[in-house]
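Please look over the sequence and the structure shown below before reading on. The paragraphs that follow take up the annotated segments, then the salt bridges, and then the contacts made by aromatic rings.

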Amino acid sequence: MVFNDDEEPPPAKPGPARPMQRVQLIKYHSLNAPLAPNDQKVVLELKGASSATSRAPLDLVTVIDISGSMVLEGRLDSAKRALRFIIRKITDDDRLSIVQFDDEATRICRLRCATEAAKADLEALVAKLEPCGLTNIQAGLETGLSVLNGRSFTTGRAASIMLLSDGGENMGNARSVDPGSVPVHTFGFGSGHDSTLMGAIAKKSLGGVYNFVYDSNNEGRMQGPSPFLFPLGWALAPASTRGYGSSPGNKPTVLSEAFSQILAGLVTIIAQDVELTVTPFLDEAIINKVDAGTYPTSTATDGITIQIQFGTLYSAEERKVIVELALRDHTSFRPYSSDVAKVLYRFSFEGQQFTSNTELVTIYRSRKAPDAADDAPPPQVQAEVARRQHADSIKAAMEKADRDNLEDARNILVEALKALERLADPMVDMLRKELHKLLELFKSKAIYERQGRPAAISSLASHDRQRFTARGDAEDIRIFATQRMDTYLEQAKQDDDRPIPTAAADDDKEEPEPEPDLEPELVPQDVPAAPKPMAWEGRTLSMALRAIAAVLSLLAFSIMASARTSGWNDSGRFETYRYTIGVNVVVCFYSIVQAVAKIHRLVWPSSISRSISSYCCSLFLDQALAYLLISASSAAASRNHLWVSKLGTDQYNKKINIAVWFSFLGFLALSANALISMANLFSRI
């Protein structure tokens, strides 16, 4: 199936005069580490701008199950209400297509711009949806993907699918469908759906999440044949034999609320094709592990750079990645600031590609013990590690429960609750609430099968994607919910006949985007600024002294060599003066080499490793050349004084005297460097 009849979208509106800062990178890690080999965890956070006033237009395909089971207790009516909410929220910049499926799939409308006239037509089509037939999720998903893949107009547009089903797949094989880069957000409605399948479909897509929508009418009251095994006969049976009755506690907005949360993200996409790359400096560290949830992670062609694909980023959304680094053994080094890795990110918007500046992960390495209290990871790193462990506990508990070992599953959840007691983070209360709810749903096999498993799969999807998911109720647990989601949730609860503001009206109500921070790096308030390493001051002073020694020696031998006459008093005729010139030449050359090496180590602290023997050599040469310089200067001064006392002062003697003074000052600079070399050596022993 090829659908290339999508309606041409309106021309793009001019953007703001000053483009906003769409994505920001924040790094959390320990600022100090020992020179001995050790492991460090670094949390890299990509944070989306908190405004959607300039966002990507949306191409949305809703794939709706209209099989026979959707007639029960007004499920299809709930789906129609949820679709009407979507139609009324999107703007004329967005496009919508609707696909229905039972035994087979049908596209009931092409991708249309959501103008006022189109919205009336779309609502009329939704009103005509009627339940019938079996459940072929594969056909519905493939048709939805064909609508998006066949588009004629794609530049700068964000594509997404919302897939709803209330039953198990009894035709086709949806697991065989490859969604590619299209996010597929799945909604499992009620306890009769296959939560494992719906979770797998969302997980296979890039950025899609699975949502469990709790249907209180149908929980635990089925009496006849299972709708999962006999969907057609069960759906066509008289209502009195289906085992379902009316329920005064019906909540018709429950599906609208779940749809509204995903829609709130889709209409606030501020970056697409988001990619984060991390490259370690191999002389400093290697990457042991990268934890990015279920986002695709790969190694670049250079064999060392790690690439993480995030797909889209909503307004005010965050993506955190834990990078575990193994720092190399540099105990032969003196303390220094180590650049252990470089990070950059890319994204696209309105068809243009953007790449950030490279940012460095810098850790000051010293001789401190690795278990020092002040070297503990910052709270943000501890919180993110704990959240990932929390998700692992839910996964482990679900594996136990799937083997009918509910007692062990509950014990795992209880231990996860205890682990949260040591954590101080705003998300802790919500994590506790999530665990308490799962403990209730893991009480018995019947409850687990109806609600526990889908709630756990939805929780895992939320933590793996770092996105909000409905875990049975759209407002029960608000982990990763954005402010726009909170707004849409309240709007979805309103009566169907009340007007609903469009996404554009919601954009206008938002606060204007603050001016971007022009500082080269944003340091979180909870993390102290990196201390200025002592090695910098020592190397700077040593470099300055060596440069001074080189200049003074250069002046000394230049002036003395220029003191030449054609007579018997030429400086080249006297061994003392020749000796002084030679020593100054050697000192000048040595000081230049040492100054260049110091400058190199100041700019690239980790590029040249130094051993104990190199410090011993520097100390020996500093002392030896200082001795030679003072002895040569003294000899030249004595010879010049003797000559002046016998023959008087002339221009020749004055030059020799000036050269001797420069040579003596060079000796002082070289002696100071000898003291620094001694301190460096003793600090390494």
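Helices (H or I, at least four residues) and strands (E, at least two) are taken here as DSSP runs, numbered from the N terminus. The model is a predicted one, in which local features need pLDDT of at least 70 and side-chain atom pairs count only at pLDDT 80 or more, while totals for chains, interfaces and linings use all residues. Residues are numbered from 1 along each chain as its sequence is written, and side-chain values use heavy atoms, with hydrogens and water left out.

With that in place, the chain can be followed through its annotated segments. An unreviewed UniProt entry places the feature "transmembrane region" at residues 543-561, 581-600, 612-638 and 658-682; such positions are given in the numbering used here, feature names are shortened, and annotations may be inferred rather than shown by experiment. Over residues 543-561 the model is 100% helix and 0% strand, with 27 Å between the end C-alpha atoms. Residues 612-638 are likewise 100% helix and 0% strand, and there the end C-alpha atoms lie 39 Å apart.

Charged side chains come next. Side chains of opposite charge can pair when their charged atoms come close. A salt bridge is counted when a side-chain nitrogen of Lys or Arg is within 4 Å of a carboxyl oxygen of Asp or Glu, and by this rule the model holds 33 salt bridges. One of them joins D6 to R95, with the closest N and O atoms 2.9 Å apart, and this pair links distant parts of the chain, since D6 belongs to the segment before β1 (23-28) whereas R95 lies in strand β5 (residues 95-101), 89 residues away. Both D6 and R95 are buried, a word used for a relative accessible area under 20%, with exposed meaning over 50% and partly exposed in between (1.4 Å probe, protein chains only). D6 and R95 also belong to a network of salt bridges that includes D59, R151 and R157.

The aromatic rings form contacts of another kind. Rings of Phe, Tyr and Trp (its six-membered ring) pair if their centres lie within 6.5 Å, and planes under 30 degrees apart count as stacked, over 60 as edge-to-face and the rest as tilted. The count by this rule comes to nine aromatic pairs. Among them, F442 and Y448 are edge-to-face, at 4.9 Å centre to centre and 70° between the planes; F442 is buried, with a relative accessible area of 1%, and Y448 is buried with a value of 1% as well. The pair of W661 and F664 is edge-to-face because the planes stand at 90°, with the ring centres 6.2 Å apart. W661 is exposed at 53% relative accessible area, while F664 is partly exposed at 32%. Elsewhere, ring pairs link Y345, F347 and F354 into a cluster.

Finally, a charge sits over a ring if NZ of Lys or CZ of Arg is within 6 Å of the ring centre and within 35 degrees of the ring normal. R75 lies over the face of F189 in this way, 5.9 Å from the ring centre, and R478 lies over the face of F468 at 4.7 Å.
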